[in-house]
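Biologist: I'd like to learn how to read side chains and rings in a model like this. Can we go through it together?

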Amino acid sequence: MAPTTSSTASELRTQQLSDIAASAGTPCYVYDAGAIRDAYATLDGAFDGYPHAIHYALKANSSLAIVKLVQRLGSHADANSPGEVDVAFRCGFRPDQIVFTGVGKSAVEIDRAVSLGLLAINVESPGELDRIDQRAIAQGVRARVALRVNPDIDANSHPHISTGLKSNKFGVPIDEAPALFREMSSRRGLQPVGAHVHIGSQITTLDPLRKAAEAVVALARDLKSEGVELQHLDMGGGLGISYDGSPVVNPSEYVRALVAATRGSGLTVAIEPGRVLVGPAGVQLSRVVDVKQFPGAKRFIVLDAGMTELMRPALYNAFHRITPLVRRDGHEVPVDIVGPICESTDAYARDRNFPPVDVGDIVVVSDVGAYGAVMGHTYLRRPLPPEVLIDGDRASTSLRASWRIIRRRQTLDELLALETE
Ligand code: LLP
């Protein structure tokens, strides 16, 4: 959404972001509803009529207005905690549209998930299989379960967000899956309905995703020959986006590869996309609060936003495009763009070429719609920032009116409300 041309549309967008910064204050998050709709339509359309379900991974951005927007598009939901299940309900998803994943589900969580009659509880281990069975029997129901398999496939992503290798804690080794499916079929409290695989996030090549899909399709085929009939294959999420302009997998091509792998089985394909749906739709606005130059050494641009508002650079050394909202004349020079937090890891970019800025200028950080606001925290007693949703016709000249605050800034009193002296 950052202005890249001098077209009227981009001038309008600049004016709109400047209005939002003035009105909502900085730092803040701004999302573009149209971009989310477009991303959803691309994925959905690429299935080309093949039976499928898009389970939006709420973890990427679970602000109510965003989840509601995605729900209205016809999405189903992927929840990773009881809190996300409740958010999904509040936003109108039915139990049979929700899959519930989580590498460690407590007894209370299992009990509740079973009682809700979700589309599938994704089972992570033989022990969990047992516990779900026991709770379902106690409740007099059969829980719909899918087994999460770990195919030992390298997603070639950042190690902190890779989940499909034997060395990762997720799922059960795929070789053990046939025996566990047989076991599940024999349990009174369980109805095995699917196989689930999710090998990581921000995956930028098709090959690992295709291989993972082929592995679960082969598993389903073997199970069928033994009389275990599944209903869906949940291929997880993980499709990456281009943070820096380098090539990534085309979302339509990704979907077509999954359908090609699955078609022979006739099973429904479920996917759990998060980042690809909402990532590019969000920017963070902040203001420059200081500019300082160490003689003969570094130049720092200090923002009023930092790792409390956006963890990704500090956690994964993640790259985000950063631009001044309004560009001033002058040469770019290498700078460190840092936040105000008392941690050296609190930097959005290091040695990045950047045009001149002054204190008070607004800076736009791109592609933060996924894993941005949701991962924010209140270290240093910094209240959570507001979130804004721009909606309406992007080509229209009435852009200024078409945004609203979907989460207001937390107050310090709200932040302290849980505590006593
Ligand atoms: N399904 C499961 C089981 C997952 O664990 C995840 C993400 C997704 C779906 C959605 O993946 P996506 O399509 O968004 O890649 N905080 C990290 C990303 C962590 C992803 C965790 N799991 C980041 O900022 O890059």
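Biologist: Let's start with Tyr31: buried or exposed?

Modeller: Buried means under 20% relative accessible area, exposed is over 50%, and partly exposed is in between (1.4 Å probe, protein chains only). Tyr31 comes out at 1%, so Tyr31 counts as buried. Tyr29 is buried too, with a relative accessible area of 1%.
One caution: this is a predicted model, where local features need pLDDT of at least 70 and side-chain atom pairs count only at pLDDT 80 or more, while totals for chains, interfaces and linings use all residues. Residues are numbered from 1 along each chain as its sequence is written, and side-chain values use heavy atoms, with hydrogens and water left out.

Biologist: How many aromatic pairs does the structure hold?

Modeller: Rings of Phe, Tyr and Trp (its six-membered ring) pair if their centres lie within 6.5 Å; planes under 30 degrees apart are stacked, over 60 edge-to-face, and the rest tilted. The structure holds 2 such pairs. Tyr29 and Tyr31 make a stacked one, because their planes sit at 20 degrees with ring centres 6.2 Å apart.

Biologist: And what kind of pair do Phe294 and Phe300 form?

Modeller: That one is edge-to-face, with 65 degrees between the planes and 5.1 Å centre to centre. Phe294 is partly exposed at 40% relative accessibility, whereas Phe300, at 16%, counts as buried.

Biologist: Which residue lies over the face of Phe100?

Modeller: A charge sits over a ring if NZ of Lys or CZ of Arg is within 6 Å of the ring centre and within 35 degrees of the ring normal. Here it's Lys105, at 6.0 Å from the ring centre of Phe100.
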